Amino acid sequence: MGKNIYLGIDVGSVTTKCAVMGEDMELIAHHYIPTSGKPIAQIQKLIREISKEILPDLNIAGVGTTGSARYLAGEIVGADIIKNEITAHAIAATHYFPDVRTIIEIGGQDSKIIIIRNGVVADFGMNTVCAAGTGSFLDHQALRLGIRIEEFAGEAIKSKDPVRIAGRCTVFAESDMIHKQQMGHSTPDILYGLCQALVRNYINNVGLGKRIEAPIIFQGGVAYNKAIIRAFEEELGQEIMVPHHHEVMGAIGAAIIAWENHETTGARTRFKGFSISDICYETSTFTCNGCPNQCEIAQLKQGGQILARWGGRCEKWENVSHVMDKCENTGVLS
Ligand code: SF4
């Protein structure tokens, strides 16, 4: 009997991540790839990569999924436990930093703040609507300035006299940035001004009304950007700590949750095996008429059977067993 390991998968709208943790909660393998609008193919790709990396004497004893496509991922891989991103990020942060009091998480298209007190989530806030406090804000403005996103932080950090960019939203920021360029400000000063604008936006929107207390942990893909870290430290007057594997903390949290679940229940995993990377799934969409939002819902089928649904602004369709009850009762689906 080999050693047990635990798989965590975090599928977001911009990136798909996975982490494999050992029995002593050490990180054995991890991957971070773009979702590229193809979450199923990318989940399969991650499973394929992991199958090549882990030794044959290691045994997947638990699987956890998180992220906006957590139910989809859970169905494809056979998850034992499915949790939201707030829980997964909080579990990972408290694993590495037991005293953490504030978690700043900024991804490609959303951002979050999680307030931790005594090791548990006391409050949280999310921003999924305004791009000005997310990674896509920087991507967009970097493109506008002709700077590759990989060079962004290195250039921004050279700033000596940052310009104040009106960064209330991406449209204002862009027109103000063009104005500052025409005034002759240097590119590093404009780039660092954008970092400061993102930080102000984050604190005034996502962090509104939250008590941001140290120790503060910064995780998510945007934590790669050292200029953003500096801007947060200047704005908050506190040291910002970045975990070594900040970009896969959601997946690490999901793997730890899978381990906790296995320790508590002792149940045999539902993991469907590495061969799921070769299955052909069918996808289709329909419109939900449950409220005026009229969300477009995507559904996953294999051999005519519905495995998962996602894409709504609420979770009405995401749990398939729950959905099937609703379908049968209301005839919403035709
Ligand atoms: S999925 Fe939810 S939010 Fe979207 S239309 Fe249906 S009931 Fe409304």
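How many aromatic pairs does the count come to? The count comes to 5, by a rule in which rings of Phe, Tyr and Trp (its six-membered ring) pair if their centres lie within 6.5 Å, with planes under 30 degrees apart stacked, over 60 edge-to-face and the rest tilted. Tyr202 and Phe232 have ring centres 5.5 Å apart and planes at 85°, so they are edge-to-face. Tyr202 is in helix H7 (residues 187-204) and Phe232 in helix H8 (residues 226-236), so this pair ties together parts 30 residues apart in sequence. Helices here are DSSP runs of H or I, at least four residues, and strands are runs of E, at least two, numbered from the N terminus.

Phe232 also pairs edge-to-face with Phe218, at 5.4 Å centre to centre and 65° between the planes. Phe218 belongs to strand E9 (residues 216-219), 14 residues from Phe232. Tyr202, Phe218 and Phe232 make up one aromatic cluster.

On provenance, this is a predicted model: local features need pLDDT of at least 70, side-chain atom pairs count only at pLDDT 80 or more, and totals for chains, interfaces and linings use all residues. Residues are numbered from 1 along each chain as its sequence is written, and side-chain values use heavy atoms, with hydrogens and water left out.

One more ring contact: the charged end of Arg230 sits over the ring of Tyr192, 4.3 Å from its centre. The criterion is CZ of Arg, or NZ of Lys, within 6 Å of the ring centre and within 35 degrees of the ring normal.
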